[in-house]
Amino acid sequence: MHAPGESSVSAADEGAQELVGALLTASRLFVAIATRSVASVDATLTVAQFRMLVVLETHGPSSLVRLAERLGVNSSNALRMVERLSAAGMLEKAASPSSRREVRLKLTARGRRIVRQVTEARRAEIGRIVAAMPAERRADLVLALRAFTDAGEEPPAQLPGWP
């Protein structure tokens with residue numbers, strides 16, 4: 001029996017915690033890669049704004065409310081990003097064909113080009129890291145990452161050119 005405040009950690013929990021720690025470390029690397037790749041293409045663009053562009057590229061035109069839901073932010077934060085991206089010529093606002101009160105948001109040609117360029121920069125940097133990995137570990141990583149992204153409901157990358 002454990003005293004109050006003590007925890008009982010099973011071997012399965014320890015394995016899960018080890019995996020969480022490894023993923024947290026990897027996520028720092030991915031954030032650094034994302035930050036560098038976004039800055040290499042457009043120094044005024046934030047990673048959060050880039051994510052908005054990627055969601056629009058992936059899911060197509062969207063209402064503000066639906067876009068905010070997909071990003072996991074509130075509508076007022078999404079609106080501020082939309083205004084900045086619209087002013088920068090990366091997305092455009094148009095009346096919805098089904099409701100005049102609803103605004104549809106979609107990428108401009110410039111927005112699509114930025115998504116493609118940032119994605120290419122990310123792919124190149126990740127490619128350099130993968131090339132430095134032991135070849136025999138790559139297949140294991142592919143399987144593990146697919147299971148992880150499936151559990152997180154992230155759609156798979158459609159190579160080439162998918163963000």
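This report describes the fold, the sheet, the nonpolar core and the helix packing of a predicted protein model.

Residues are numbered from 1 along each chain as its sequence is written, and side-chain values use heavy atoms, with hydrogens and water left out. Because the model is predicted, local features need pLDDT of at least 70 and side-chain atom pairs count only at pLDDT 80 or more, whereas totals for chains, interfaces and linings use all residues.

## Overall architecture

The secondary structure comes to six helices and three strands, where helices (H or I, at least four residues) and strands (E, at least two) are DSSP runs numbered from the N terminus. From the N terminus on, the elements follow one another as α-α-β-α-α-β-β-α-α. Of the 163 residues of the protein, 23% count as buried; buried means under 20% relative accessible area, exposed over 50%, and partly exposed in between, with a 1.4 Å probe and protein chains only. Among contacts with a separation of 6 or more, 52% come from residues 24 or more positions apart, a contact being heavy atoms within 4.5 Å.

## The sheet

The three strands form an open sheet in the order β1-β3-β2, with antiparallel pairing; two strands pair if DSSP finds at least two bridges between them. The edge strands, each pairing on one side only, are β1 (62-63) and β2 (91-95). Strand β3 (residues 103-107) runs antiparallel to β1 and is joined to β1 by two bridges, while β2 and β3 pair in the antiparallel sense over five bridges.

## The nonpolar core

The largest nonpolar core has 22 residues, and those with the most contacts inside it are Leu 45, Met 52, Leu 53 and Leu 67. Such a core is a set of buried Ala, Val, Leu, Ile, Met, Phe, Trp, Tyr and Cys residues joined through side-chain atoms within 4.5 Å. Two or more residues of this core come from each of α2 (47-59), α3 (64-71), α4 (75-87), β3 and α5 (109-132), with α2 giving the most, at six residues. Not counting residues up to four places away in sequence, Leu 53 touches Leu 45, Leu 85, Met 90, Leu 107, Ile 114 and Val 115.

Gln 49 lies in helix α2 and, at 7% relative accessibility, counts as buried. Leaving aside neighbours within four places in sequence, Gln 49 is in contact with Thr 44, Met 81, Arg 84 and Leu 85.

## Helix packing

Two packed helices are described by the angle between their axes and the distance between the axes. Here axes are lines fitted to C-alpha atoms, for helices over the stretch in contact, and angles run from 0 to 180 degrees between N-to-C directions.

| Helix pair | Angle | Axis distance |
|---|---|---|
| α3 and α4 | about 105° | 9 Å apart |
| α2 and α5 | roughly 110° | within 10 Å |

The angle makes α3 roughly perpendicular to α4; angles under 35 degrees count as roughly parallel, over 145 as roughly antiparallel, 65 to 115 as roughly perpendicular and the rest as oblique. From α3, Leu 64, Val 65, Leu 67, Ala 68 and Leu 71 meet Ser 75, Ala 78, Leu 79, Met 81 and Val 82 in α4. By class, the contact of α3 with α4 has nine nonpolar, one polar and no charged residues, where Ala, Val, Leu, Ile, Met, Phe, Trp, Tyr, Cys and Pro count as nonpolar, Asp, Glu, Lys and Arg as charged, and the others, Gly among them, as polar.

Helices α2 and α5 are likewise roughly perpendicular to each other. Phe 50, Leu 53, Val 54 and Glu 57 of α2 make this contact with Arg 112, Ile 114, Val 115, Val 118, Thr 119 and Arg 122 of α5. By class, the contact of α2 with α5 has six nonpolar, one polar and three charged residues.

Ala 121 lies in helix α5 and, at 25% relative accessibility, counts as partly exposed. Not counting residues up to four places away in sequence, Ala 121 touches Ser 37 and Ser 40; the C-alpha atoms of Ala 121 and Ser 40, 81 residues apart along the chain, are separated by 7.9 Å. Ala 39, in helix α1 (residues 11-41), is also partly exposed, with a relative accessible area of 44%. Ala 39 and Val 118 are 79 residues apart in sequence and 8.6 Å apart in space, C-alpha to C-alpha.
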